[in-house]
Protein chains: 2
Amino acid sequence: MSSANEIDRAGMMQALAQARKSYDEGGIPIGCSLMANGTVLGCGHNQRIQKSSATLHAEISALENAGRLRAQRYREVTLYTTLSPCLMCTGAILLYKIPRVVIGENITFLGGEELLKSHQIEVVVIDDPECKDLMARFIREKPEEWNEDIGEE
Amino acid sequence: MSSANEIDRAGMMQALAQARKSYDEGGIPIGCSLMANGTVLGCGHNQRIQKSSATLHAEISALENAGRLRAQRYREVTLYTTLSPCLMCTGAILLYKIPRVVIGENITFLGGEELLKSHQIEVVVIDDPECKDLMARFIREKPEEWNEDIGEE
């Protein structure tokens, strides 16, 4: 396994740990991690249920937890997320010009991947079985919360 | 003045009051208000400086302050913002399928208006002098904070 793959595996493991943590809290199991040159800048998970939040998707949580960064720092980031990012999170990636996004899966939900690619952002989809299983279980258990999170009835 | 214009004026006045509040706190003077059928669902302002936040733009703050809403409620919303929404905030509007956006000005910054229009969202730009003056004053005083907020060096 190449060094790049090891870093990506570590990034996705961290995102997945956040997703599991959220599930264990009764929340939506989507996690995210931001890494730059091997350093974790921030990570987070969906907070809709835990904080009654309409905006703290996993990616927004991770960006928020990373705190205020200079523009140049974001240009070094790879964003790891367990699920294809919705349009809000896609827009956040575009705002900060994050150059690379690694996605656990896009079968449960397909977000703004084409929009990312049209802005020359590298998009890698891992198609991870555990990311899919966790979401499938949650959606079976709490379909209304999931629909609310993606703005669907 | 028509009834619709009175409602829009009230909505923008509230967004502008949030922008002034943020300026008075030493923050970035952008404000937002969400109204549905004459009812204010939430309002907020940029919190980069006040809360050291990378994600609480005015629109995200207002959505967050409105709390968890059913998808159908967002379909009744007009979002009033003092400045053209960045791509993150544009994405949030698209996520929740908010059908109408009223913008104080887009001279200081032009965000994702074309993307909104391509999704059949009604976009109205008021070109309000006070919105522009407030931003011009802030950018003169704190150019680095402004660049950080829009992901630019």
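In this predicted model, A:R137 lies over the face of A:Y23, at 5.1 Å from the ring centre.

Now turn to ring against ring. Searching the whole structure gives four aromatic pairs over all chains. One of them joins A:F109 and A:W146. A:F109 lies in the loop between β4 (100–103) and α5 (113–118) of chain A, while A:W146 belongs to helix α7 (residues 143–149) of chain A. The pair therefore ties together parts that are 37 residues apart in sequence. A:F109 counts as buried because its relative accessibility is 17%, under the 20% limit. A:W146 is buried as well, with a relative accessible area of 6%.

Next, look at B:Y74 and B:Y96. The ring centres are 4.1 Å apart and the planes are at 20°, so this pair is stacked. B:Y74 sits in helix α3 (residues 71–74) of chain B. B:Y96 sits in the loop between α4 (87–95) and β4 (100–103) of chain B. The contact thus ties together parts that are 22 residues apart in sequence. Both B:Y74 and B:Y96 are buried.

Finally, step back to the annotated domain. An unreviewed UniProt entry lists residues 6–123 of chain A as "domain: CMP/dCMP-type deaminase". Over that stretch the chain is 40% helix and 20% strand. The C-alpha atoms at its ends are 17 Å apart.

Notes. Residues are numbered from 1 along each chain as its sequence is written. Chains are lettered from A and ligands numbered from 1 in the order in which they are written. This is a predicted model: local features need pLDDT of at least 70, side-chain atom pairs count only at pLDDT 80 or more; totals for chains, interfaces and linings use all residues. Side-chain values use heavy atoms; hydrogens and water are left out. UniProt positions are given in the numbering used here, feature names are shortened, and annotations may be inferred rather than shown by experiment. Helices (H or I, at least four residues) and strands (E, at least two) are DSSP runs, numbered from the N terminus. Rings of Phe, Tyr and Trp (its six-membered ring) pair if their centres lie within 6.5 Å; planes under 30 degrees apart count as stacked, over 60 as edge-to-face and the rest as tilted. Buried means under 20% relative accessible area, exposed over 50%, partly exposed in between (1.4 Å probe, protein chains only). A charge sits over a ring if NZ of Lys or CZ of Arg is within 6 Å of the ring centre and within 35 degrees of the ring normal.
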